[in-house]
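Subject: A structure to look at

Hi,

Here is the structure I promised to pass on. Please have a look at it first, and then read my notes below.

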Amino acid sequence: MASRRYGRYLSADWRGRQQLDAAKVKAAEKFDGKFVVISNDDTLSPEDIALGYKGGWIIESCFRRMKQTVLQVRPMFHWTPRRIEAHVKLCVLALQMQRAAEIRCQLPWARIAHALGGLKAVRYNFESRAIVQRSKITAELSAMLKTLKVSAPKQMLSVEEAPSAPAAG
């Protein structure tokens, strides 16, 4: 009964036991498969409202993807206009980057992201060096990078001498 999702379809019988309320389920069926939004702006058409919500959802989805990368961005809560504006601009930038890639490659973003996800930077130690090298670029990813006019990262990203042990004194 306490569930916000399913509790509304339950009711208690005369003994206090929970049971499925068929009338409530029947009433909810008319919304199955529908996306319901509410607006207090009477000047907008239902299509414009739906597109606005969908656009916001896409932007947030892009921003979530950005946060899942090595950027290690934490959840953000903004109260000042300057920070809210910066957050919105980052979301719009993420959406623009995604759409530009989709349009240029003529592929859905999920496929592009999957191909890009295979490109990794691998760090390993060899003798007295720490080496960072990129993973192999597949033919599909190579074609995407060429279409996007993005140069592939160098094979060897960095080679560093491992710090020597301090001398005993």
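Glutamate 160 is partly exposed at 40% relative accessible area, while arginine 123 is exposed at 52%. (Buried means under 20% relative accessible area, exposed over 50%, and partly exposed in between, with a 1.4 Å probe and protein chains only.)

Before going further, a word on the source: this is a predicted model, where local features need pLDDT of at least 70 and side-chain atom pairs count only at pLDDT 80 or more, while totals for chains, interfaces and linings use all residues. Residues are numbered from 1 along each chain as its sequence is written, and side-chain values use heavy atoms, with hydrogens and water left out.

The overall picture

The chain contains five helices and five strands, arranged along the sequence as β-β-α-α-α-α-β-β-α-β. (Both are DSSP runs numbered from the N terminus: helices are H or I with at least four residues, strands are E with at least two.) Of its 169 residues, 18% are buried. The accessible surface of the chain is about 14,000 Å², and carbon and sulfur atoms hold 59% of that. (Areas come from the Shrake-Rupley method with a 1.4 Å probe; for residues, only the protein chains shown count as cover.) Among contacts with a separation of 6 or more, 42% are between residues 24 or more positions apart. (Contact means heavy atoms within 4.5 Å.)

More salt bridges

The whole structure has seven salt bridges. One of them pairs arginine 99 with glutamate 102 at 2.5 Å, N to O. Both residues sit in helix H3 (residues 81-105), three residues apart, or about one turn of the helix. Arginine 99 is partly exposed at 40% relative accessibility, whereas glutamate 102 is buried at 15%.

Another joins lysine 26 to glutamate 29, with the closest N and O atoms 3.9 Å apart. How far apart are lysine 26 and glutamate 29 in helix H1? They are three residues apart in that helix (residues 22-29), which means a separation of about one helical turn. Lysine 26 is exposed, at 58%, and glutamate 29 is partly exposed, at 40%.

Nonpolar groups, inside and out

The largest nonpolar core has ten residues: Ala101, Cys105, Trp109, Ile112, Ala115, Ile137, Leu141, Met144, Leu145 and Leu148. H3, helix H4 (109-117) and helix H5 (139-147) each supply at least two residues of this core. (A nonpolar core is a set of buried Ala, Val, Leu, Ile, Met, Phe, Trp, Tyr and Cys residues joined through side-chain atoms within 4.5 Å.) In soluble globular proteins, nonpolar side chains tend to be buried together. Leaving aside residues up to four places away in sequence, isoleucine 137 touches Leu119, Ser142, Leu145, Ala152 and Pro153.

(Patches are made of residues with over 30% relative accessible area and no salt bridge; like charges are joined within 9 Å, and nonpolar side chains, meaning Val, Leu, Ile, Met, Phe, Trp and Tyr, within 5 Å.) S3 and S5 each supply at least two residues of the patch, and S3 gives the largest share, three residues. Phenylalanine 126, in strand S3, is partly exposed at 47% relative accessibility.

Most residues other than glycine have a negative phi. Which way does phi point in glutamine 106, positive or negative? Glutamine 106 has a positive phi of about 55°. This residue is in the loop between H3 and H4 and is exposed, at 64%. A polar atom of its side chain lies 2.6 Å from the backbone oxygen of isoleucine 103. Glutamate 127 also has a positive phi, near 50°; it is in the loop between S3 and strand S4 (129-134) and is exposed, at 69%.

Best wishes

How values were computed. A salt bridge is a side-chain nitrogen of Lys or Arg within 4 Å of a carboxyl oxygen of Asp or Glu. A polar contact is a pair of N or O atoms within 3.5 Å; within protein, one must be able to donate a hydrogen and the other to accept it, and residues adjacent in sequence count only if both atoms are side-chain atoms.
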